[in-house]
Amino acid sequence: MLGFTKGLKYTLKNLTKEKVTYNYPDVPMEMPDRFRGIQKFYPEKCIVCNQCANICPTDCITLTGKKHPDPDKKGKIIDTYDINFEICILCDLCTEVCPTEAIIMTNNFELAEYSRDELFKDLQWLDENDTNKRKENKT
Amino acid sequence: MIDQMLAASPNLMNTFLFFTIAAAFLMVILGFVTYAILAERKVLGFMQMRVGPNRVGGRWGLLQTVADVLKLLIKEDTIPKLADRPLFILAPVLAFTPAFLVLVVIPFSENLKFADLGIGLLYYIAISGITTIGILTAGWASNNKYALLGGMRSAAQMISYEIPLVMSVIGVVLLTGSLNLNEIVAAQENWAFIFIQPVAFIIFLIASIAELNRTPFDLPEAESELVAGYHVEFSGFRWAFFMLAEYVYLFAMASLTTVLFLGGWQPIPFLGFIPGIVWFALKFILIVFIMIWIRGTLPRLRADQLMSFGWKVLLPLALANIFLTAIIKELINSF
Amino acid sequence: MIRTEEMLLNVGPQHPSTHGVFRIVLKIDGEQIVEATPVIGYLHRGTEKLAEDLQYTQIIPYTDRMDYLAAMTNNYVICHAVETMMDLEVPERAEYLRVLVMELGRIASHLVWFGTYLLDIGAMSPFLYAFREREVIINLLNEISGGRLTFNYMRVGGVKWDAPEGWIDKVRDFVPYMREQLAGYHDLVTGNEIFLARVKGIGKYTKEEALAYSLSGANLRCTGVKWDLRKDEPYSIYDRFDFDIPAREEGDAWSRYQCRMAEIEEALKIIEQAVEQFPDEGKIMAKVPRIIKPPAGETYVRIESPRGEIGCYIASKGKKEPYRLKFRRPSFYNLQILPKLLKGENISNLIAILGGVDIVLGEVDG
């Protein structure tokens, strides 16, 4: 048999096979739990240790802390927390070093915006981003 | 009906009628082109485990091509600054017009036919050659190196494959004794020529795919090599004209194959109650499907391989087929 | 007498089959190439320079973006280099996970190569079939690492995540599935006469030339040199597996194709064995100090990536950042032979040769 007829048979056989494409965006994509999407931030858990900002390979996290309002308590609480998603590479290192799991990953991966300014996510946005949170954050 | 009109003395009424019929036919062809493109994308999609167009016009993407054409119509018409302007404008027209002209001679059923030319087959081959000039013009006028290469490839390819194409048909012509397409169909009442002339059919099919610039012979527009070949600088409706020409030729070539080798509107024995036009359509769709199927499977040939295949394989085969047919015909006649 | 003129043709940086932003300046006579000059650097991001300001853990996500089709091997080479410097013992389970993901990545990378190569020479279907299987692999890797392309999975001293529940079984099921599909590819492509006519005898070079140009991977093995670091300088736990090194003698694009397709089968063999030997439990991370500071000195390690020999040189001064870091990027070295191969060929062959070399521009430009 000629070699290319085998190929013709193969393509014809596939004509009736079940399709493998995803019906995205009509059906949302289900990502596995470990998937690294945009971060979620818990201001109340943060101890302003600066580890996330230090480990970030692209320096996209900037944060400032302030004194605890309750004078009896030691330590700082978070004041501003910004992630610049223009340069964030979603490498997961910030969540890996966070000692209190104040910053975790979510499965939200649809990051497209109409303006670059909107890619600059502040504390409020990151706090409100609390859908599809990752369950397993530490190994 | 058309025969009578052709014989009638010219008057305004006739002119108007002809115009209407031609316009109606044009619409039918455009309708075919619309859905041929959709069918191609759908069949290819299904072969490749995906669904193809499915967003415009319902689940089957029925209006996808319409939307595409609409988009091309409202697109900005750009002509490169250093292009040869008159030729650049003329090229799509040159490529497209012959595609419609050749349809005149093709009989779709016993009654549905236009010009009944005595040299119908010759007419088809001769006119379709003009398209090459259009493509060559486009390649030259664009003032683009990729386009030029594409145009040159196209000219070389068309010339080398037109010869085996014609030669393969001569067997059929010998058996029929006529170049008239109606008579060729009539001669296939008992046996379609595909059974009597199988070699000729295979050569014709290969050469026709090459003539249509389809995979595996799509060198003039080889996307991965020449980006888009001769129409790389064309956009908007000028580009649409090339695409249209390509698909109208697909229509014409599939019709011609049906007429020459599959017996046109002749039914399969015992199923004569189904009208001829349905038979024609079925055979025609089969040919179109085979072309899409081949496109979905095969890689592209190289330019020099294409040439040597045309001249060293197809042409000698076609010539041998002519000799064989002539000898057999003489032997049968002498007994 | 016909007067002909040589013409300068820019192929790329935006061209459908230069696989990214690669540019070749061709001097052509008709369709024949007289001279070819590759121009690279359109995707240069300065990974090596950036690394000098980064901690070792921070470099890992950058390596994902070099050879983005097989990021796992890149992850491994940097971790392996640091581990060698620090004399770290990586837990067994972590090594098995590393081998599994690396071999899966190797198959995924070869599948992309197979698909795009066929796309380059004009067949569109194999591309989509190859991506169907690649999607299965990508989903597997996504499940274990949380990324579909840039995995950032390995760490110095181990891996980031343990295998999730049922993952090993999925990998086990993948092996027979992939074997079946591979047979389909051979039906579709390998026997095809047009394909054979396009690749046989194209882009030929000898063993000596390949060694002189320092080619590696399938580009070297296609000339008959059985050189595979997994066998010749076993790293990780590759000495525990039984597999062959596919090699051919011809040194043309066809033999490179055969080598790569056979490598998929060998990778499947390794995966099969690794799944069988996979330890039921164990740590996935060695005891590593919080801040990684390799002792002062230099080290060079090399491993076998899908594209060839990927190496990592680290010069450390005992700080938490490397003093100098250098990657030996196989695509870059393999690409060097291109001008020589292209001389005298025609434009159709340019695509068949360039595709056969299997380059990833992220890796070429670094």
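The C-alpha centres of domain 1 and domain 2 of chain B are 19 Å apart. Domain 1 of chain B covers 1-74, and domain 2 covers 80-334. Those bounds come from an automatic or database domain assignment.

Two housekeeping points. This is a predicted model, where local features need pLDDT of at least 70, side-chain atom pairs count only at pLDDT 80 or more, and totals for chains, interfaces and linings use all residues. Residues are numbered from 1 along each chain as its sequence is written, while chains are lettered from A and ligands numbered from 1 in the order in which they are written.

Helices are DSSP runs of H or I, at least four residues; strands are runs of E, at least two; both are numbered from the N terminus. Nonpolar means Ala, Val, Leu, Ile, Met, Phe, Trp, Tyr, Cys and Pro; charged means Asp, Glu, Lys and Arg; the others, Gly among them, are polar.

Now take H2(B) against H13 (residues 276-297) of chain B. Their axes are 10 Å apart, at an angle of about 50°. Axes are lines fitted to C-alpha atoms, for helices over the stretch in contact, and angles run from 0 to 180 degrees between N-to-C directions. H2(B) and H13(B) are therefore oblique to each other. Under 35 degrees would be roughly parallel, over 145 roughly antiparallel, and 65 to 115 roughly perpendicular; the rest is oblique.

Which residues meet? From H2(B), Ala36(B), Glu40(B), Val43(B), Leu44(B) and Met47(B); from H13(B), Val288(B), Phe289(B), Ile292(B), Arg295(B) and Gly296(B). That contact has seven nonpolar, one polar and two charged residues.

Last, chain C against chain B. The contact takes 25 residues from chain C and 23 from chain B. On the chain C side, S1 (7-11), H4 (92-120), H5 (125-145), H7 (193-199) and H14 (347-357) each supply at least two residues. That side divides into 13 nonpolar, eight polar and four charged.

Terms used
Two residues are in contact if their C-beta atoms, placed from the backbone, lie within 7 Å.
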